[in-house]
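Please open the model in your viewer and keep the sequence panel beside it, so that each selection can be made by residue number. The tour goes from one selection to the next and says what is there at each stop.

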Amino acid sequence: MKLEAMKNTELFDLEQTIAARLFTMYTYPWEALPNIGKCITSIGKHLPEEEYAKLGKNIWIHKTAKMARSVLMTGPAIICAGAEVRHSAFLRGNTIIGENAVVGNSCELKNVVLFNGVQVPHYNYVGDSILGYKSHMGAGAVTSNVKSDKTLVKIHAEDGDIETGLKKVGAILGDGVEVGCGSVLNPGTVIGKNSNIYPLSSVRGCVEPNSIYKKQGEVVEKEDRE
């Protein structure tokens with residue numbers, strides 16, 4: 001996957017997130033990761049009080065969102081219209097949950113943007129990551145956001161490695177990505193639009209859009225069924 005295909009404008013429909021201006025400020029999604037918290041605070045100040053309830057200093061929850069009583073949250077955070085956050089979810093701060101997104105039981109989120117319609121419904125960990133419109137992580141699928149040797153994360157593009165300068169980078173999922181149950185997305189993974197990841201995969205590097213990832217070294221292009 002070439003660097004050109006990893007631009008925010010290539011991976012995401014920016015009309016499908018309340019944080020669109022965050023992504024228009026940068027060319028690539030990993031550049032936005034250190035600024036999610038500031039973005040939330042900036043947006044939150046202008047959210048209409050008749051639509052959003054404010055909790056504490058920096059948590060805004062749309063009045064149509066469904067929040068289980070057992071959810072544990074720290075700010076800053078924005079939970080958008082129609083979102084559902086289920087039993088025992090743990091939101092650790094710097095979290096944007098888009099419209100009609102689902103965060104399931106016992107899931108943990110930290111420094112993330114979930115675009116509208118994203119589903120992380122069962123036992124998922126998503127940290128230092130961005131999940132595009134209507135992407136979905138199957139049960140038990142997680143992002144790994146720190147390398148085992150604790151060195152800075154690189155993005156392994158087809159046309160050369162990209163230094164992020166960050167110790168923590170999880171996964172970047174383009175719009176419509178499907179991640180199978182029990183999969184691990186290693187630090188700096190980028191998955192292009194509308195790709196599918198087989199269950200129990202360990203994904204490292206980048207996956208082309210409109211692909212099926214079966215295992216490392218076996219990635220095939222989706223067939224056009226029209």
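**Strands side by side**

Begin by selecting Ile197 and Tyr213, for Ile197 stands opposite Tyr213 in E24. Before going further, note that this is a predicted model, in which local features need pLDDT of at least 70 and side-chain atom pairs count only at pLDDT 80 or more, while totals for chains, interfaces and linings use all residues. Residues are numbered from 1 along each chain as its sequence is written, and side-chain values use heavy atoms, with hydrogens and water left out.

Now widen the selection to strand E21 (residues 196-197) and strand E24 (residues 211-215), which run parallel and are joined by 2 bridges. The names follow a simple rule: helices (H or I, at least four residues) and strands (E, at least two) are DSSP runs, numbered from the N terminus. Two strands are said to pair if DSSP finds at least two bridges between them.

**An enclosed strand**

Select strand E12 (residues 125-131) next, and ask how many of its residues are buried. The count is 7 of the 7 residues, so strand E12 is largely enclosed by the rest of the structure. Here buried means under 20% relative accessible area, exposed means over 50%, and partly exposed lies in between (1.4 Å probe, protein chains only).

Two pairings of E12 can be shown in turn. E10 and E12 pair in the parallel sense over 6 bridges, and Lys110 has Gly127 in E12 as its bridge partner. E12 also pairs with strand E17 (residues 171-173), again in the parallel sense, over 2 bridges, and there the bridge partner of Ile130 is Ile172 in E17.

**Aromatic rings and the core**

The structure holds 4 aromatic pairs, where rings of Phe, Tyr and Trp (its six-membered ring) pair if their centres lie within 6.5 Å, with planes under 30 degrees apart counted as stacked, over 60 as edge-to-face and the rest as tilted. Select Phe23 and Phe115, which form a tilted pair, 5.5 Å centre to centre with 45° between the planes. This pair links distant parts of the chain, since Phe23 is in helix H2 (residues 20-24) and Phe115 is in the loop between strand E10 (108-114) and strand E11 (119-122), 92 residues apart. Both Phe23 and Phe115 are buried. For another pair, select Tyr28 and Trp30, whose ring centres are 5.1 Å apart and whose planes are at 5°, so the pair is stacked. Tyr28 and Trp30 are both buried as well.

Leaving aside neighbours within four places in sequence, Phe23 is in contact (heavy atoms within 4.5 Å) with residues including Asn8, Leu14, Val113 and Ile130. Phe23 also belongs to the largest nonpolar core, which has 66 residues, and Phe23, Ile97, Val103 and Leu109 touch the most other members. Such a core is a set of buried Ala, Val, Leu, Ile, Met, Phe, Trp, Tyr and Cys residues joined through side-chain atoms within 4.5 Å. In soluble globular proteins, nonpolar side chains tend to be buried together.

**Charged partners**

A search of the whole structure finds 6 salt bridges, each being a side-chain nitrogen of Lys or Arg within 4 Å of a carboxyl oxygen of Asp or Glu. Select Lys7 and Glu4, whose closest N and O atoms are 3.2 Å apart in one of these bridges; Lys7 counts as partly exposed at 23% relative accessibility, and Glu4 as partly exposed at 47%. Arg86 forms a salt bridge with Glu84, with the closest N and O atoms 3.2 Å apart.

For the last stop, select Glu163, which has its place in strand E16 (residues 160-163). Is Glu163 buried or exposed? At 55% relative accessibility, Glu163 counts as exposed. The side chains of Glu163 and Lys154 meet in a salt bridge (3.7 Å, N to O), and Lys154 is partly exposed, with a relative accessible area of 31%. Finally, Glu163 and Thr74 are 89 residues apart in sequence and 30 Å apart in space, C-alpha to C-alpha.
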